[in-house]
Amino acid sequence: MENTTGLRENKKLRTRHRLAATALELFLERGFDAVSVADVAAAAEVSKPTLFRYFPSKEDLLLDRFADHQDEVARIVRERPPGRTPVGAVHAHFLTALAERDPITGLCDHPNVMAFQQLVYSTASLQSRVGLYTRREVELAAAGLEAEAVPELAARLAATHLVAVRHELGRVNWRRIEAGQSADEAYPAAVADADQAFGMLAEGLDKALSIPRP
């Protein structure tokens, strides 16, 4: 039974990946607004009801990868090493991601990533949907801080600021890439911006939270 269940879940995962990959290819080729859910379903050789079982909206077909990062701030804070504050942990993680040119930082000049970012930042409905993912990211981060006995309001304010800084740094880095800089050229400024932004948070949030990892 366990083997059968595993095979079924793997099949579902493959179908999900195929749908997302097919959608991305069509969106990049024709533009997001010019492609319908029916177009994606037909290209992936599934029915519309099947597609909607995996993705509740057309926007989710493209933004599925954002869902994979919704718990990232919460996880970083939860798994931070002894003696490190929440802001320090998220700061260090972001610097590592910059060095690795992780697309989530905006500092990635791979053509496919650039095309994806351009699509997201230039489509109003996608930006609106990103907002939903962001709110969920804040909720998860706040819950993680509350689990460490941080008062509810303080936890939510801290989570909001940590998530907002990551997203804003990503937008700034993307604008550099969009303007023609390579990721390598933009890297020093991206690091300086991250240091400044998280430094501003550390002056306020870490003092308010007062919860370095014991």
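**View 1. Helices α6 and α9 cross in a right-handed sense (near helix turned clockwise from the far one by less than a right angle).** The model is predicted: local features need pLDDT of at least 70, side-chain atom pairs count only at pLDDT 80 or more, and totals for chains, interfaces and linings use all residues. Residues are numbered from 1 along each chain as its sequence is written, and side-chain values use heavy atoms, with hydrogens and water left out. Helix α6 covers residues 86-99, and its axis comes within 11 Å of that of α9 at a crossing angle of roughly 20° (axes fitted to C-alpha atoms over the stretch in contact; angles from 0 to 180 degrees between N-to-C directions). That angle makes α6 roughly parallel to α9 (under 35 degrees; over 145 is roughly antiparallel, 65 to 115 roughly perpendicular, the rest oblique). On the α6 side the contact (heavy atoms within 4.5 Å) is made by Val 87, Val 90, His 93, Phe 94 and Leu 98. From α9 come Leu 162, Arg 166, Leu 169 and Asn 173. By class, the contact of α6 with α9 holds six nonpolar residues, two polar and one charged (nonpolar: Ala, Val, Leu, Ile, Met, Phe, Trp, Tyr, Cys, Pro; charged: Asp, Glu, Lys, Arg; polar: the others, Gly among them).

**View 2. Helices α8 (residues 124-146) and α9 (residues 152-178) pack at an angle of about 135°.** Their axes lie 8 Å apart. The angle makes α8 oblique to α9, and the crossing of α8 and α9 is right-handed. Helix α8 contributes Thr 134, Glu 137, Val 138, Glu 139, Ala 141, Ala 142, Leu 145 and Glu 146 to the contact. Helix α9 contributes Glu 152, Ala 155, Arg 156, Ala 158, Ala 159, Thr 160, Val 163, Arg 166 and His 167. Eight residues of the contact of α8 with α9 are nonpolar, three are polar and six are charged.

**View 3. The axes of helices α4 and α7 cross at roughly 110°.** These axes come within 12 Å of each other, and α4 and α7 are therefore roughly perpendicular. Leu 62, Leu 63, Arg 65 and Phe 66 of α4 meet Phe 116, Leu 119 and Val 120 of α7. The contact of α4 with α7 has six nonpolar residues, no polar residue and one charged residue.

View 4. A pocket is an open set of points on a 1 Å grid where a 1.4 Å probe fits, with protein on both sides within 12 Å along at least five of seven lines; lining residues have an atom within 4 Å of a point. The lining of the largest pocket has 24 residues, and Phe 66, Ile 104, Gln 117, Tyr 121 and His 167 are the closest to the pocket centre. Two or more lining residues come from each of α4 (58-67), α7 (111-121), α8 and α9. Helix α8 gives the largest share, six residues. The lining comprises ten nonpolar, nine polar and five charged residues.

**View 5. The chain has ten helices and zero strands.** Helices (H or I, at least four residues) and strands (E, at least two) are DSSP runs, numbered from the N terminus. The order along the sequence is α-α-α-α-α-α-α-α-α-α. The C-alpha trace spans about 55 × 50 × 30 Å along its principal axes.
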